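Please look over the sequence and the structure shown here, and then follow the text from the overall fold to individual residues.

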Amino acid sequence: MRDLTLAAWRGTVPDNSTALGETVEYVRELLGRGGGLIVTVDGEPAGSVRWFPVPHPKPSWEIKRLGVVPRWRGHDLGRLMMMRIDEHGRAAGIERLQLGIRSDQPALARFYETLGFTHDANVRLSATNPNTAPPIALSKLLPGSPA
Ligand SMILES: CC(C)(COP(=O)(O)OP(=O)(O)OC[C@H]1O[C@@H](n2cnc3c(N)ncnc32)[C@H](O)[C@@H]1OP(=O)(O)O)[C@@H](O)C(=O)NCCC(=O)NCCS
């Protein structure tokens, strides 16, 4: 999954992205706290995403490192993985999702808005990159969750 994240993110985000400096141990530790999934096409890994619980009055997951390798972008795989997280989250009793977008990728917010996320200045992201501008925070209540 570390290599898949690198394959998806390298060349798309600037070199100072923390996604490009992750170790296998760090990815393993994060997966141990939450979970992750890999989407495949004809048996070949094409993208991945991870999540882990974060403190919030509503049971919440933070989503990290959604990525699809360049070859398979634009085939709804990113959307598919996000929809799977909704399903996993609901099954696990999760009511709310949150994530951050690099401030130099504001157009990405549109992608997440189509999935039900909205800008949320109250989100406390688990970790932010000290070398870049603060990220754009988004959150979403999962369908069926109390408002
Ligand atoms: C973002 C990403 C995961 C989308 O994956 P994907 O499988 O191509 O996404 P889908 O095919 O499900 O959806 C594509 C939609 O997202 C939009 N989109 C994808 N990346 C975008 C970007 N950087 N800026 C604006 N819109 C973007 C596309 O325009 C498209 O919209 P449309 O359906 O209205 O045409 C992929 O581009 C990627 O891996 N990027 C590099 C890593 C990254 O930036 N991850 C997100 C971190 S928050």
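## Burial and overall form

A residue is called buried here if 20 or more other C-beta atoms lie within 10 Å of its own. By that criterion, 27% of the 147 residues of the chain count as buried. The model under discussion is a predicted one, and the values in this report should be read with that in mind.

The chain contains four helices and six strands, and, read from the N terminus, these elements follow one another as α-α-β-β-β-α-β-α-β-β. The radius of gyration of the chain is 15 Å, close to the 15 Å that the globule rule gives for 147 residues, so the chain is as compact as a globular protein of that length. Taken along the principal axes, the box that its C-alpha atoms fill is roughly 40 × 35 × 30 Å. Of the contacts between residues at least 6 apart in sequence, 55% join residues that are at least 24 apart.

## The sheet

In what order do the six strands lie in the open sheet? The order is β1-β2-β3-β4-β6-β5, and the pairing is mixed. At the edges are β1 (35–41) and β5 (118–119), each of which pairs on one side only.

Within this sheet, β4 (residues 96–101) and β6 (residues 136–141) pair in the antiparallel sense over six bridges. One of the residue pairs between these strands is R96 with its bridge partner L141 in β6, and L99 stands opposite L138, also in β6.

## Strand β3 and its neighbours

Strand β3 is mostly covered, since nine of its nine residues are buried. On one side, β3 is joined by seven bridges to β2 (residues 44–54), and these two strands run antiparallel; a hairpin of five residues leads from β2 to β3. R50 has K64 in β3 as its bridge partner.

Strand β3 is also joined to β4, in this case by three bridges and with the two strands running parallel. The bridge partner of W61 in β4 is L97. Together with α3, these two strands make a right-handed β-α-β unit.

## Around the ligand

How many residues surround the ligand, and which of them are the closest? There are 20 residues around the ligand, and the closest are V68, R73, G78, R79 and A107.

Several elements contribute to the shell: α1 (2–9), β3 (60–68), α3 (77–91) and α4 (108–113) each supply at least two of its residues.

## Two residues compared

Is V69 buried or exposed? With 20 C-beta neighbours inside 10 Å, V69 reaches the cut-off of 20 or more and therefore counts as buried. V69 belongs to the loop between β3 and α3. Leaving aside neighbours within four places in sequence, V69 is in contact with A7, A8, A46 and G47. The C-alpha atoms of V69 and W9 are separated by 7.7 Å, although these residues are 60 residues apart along the chain.

Y26 and R2 are 24 residues apart along the chain, and their C-alpha atoms are separated by 9.0 Å.

Technical notes. Residues are numbered from 1 along each chain as its sequence is written. This is a predicted model: local features need pLDDT of at least 70, side-chain atom pairs count only at pLDDT 80 or more; totals for chains, interfaces and linings use all residues. The radius of gyration is taken over C-alpha atoms; the globule rule is 2.2 Å times the number of residues to the power 0.38. A residue is buried if 20 or more other C-beta atoms lie within 10 Å of its own, exposed if 12 or fewer, and partly exposed in between; C-beta atoms are placed from the backbone. Two residues are in contact if their C-beta atoms, placed from the backbone, lie within 7 Å. A residue is near a molecule or strand if its C-beta atom, placed from the backbone, lies within 6 Å of it. Two strands pair if DSSP finds at least two bridges between them. A crossover is right-handed if, with the strands pointing away from the viewer, the path from the first strand over the helix to the second runs clockwise.
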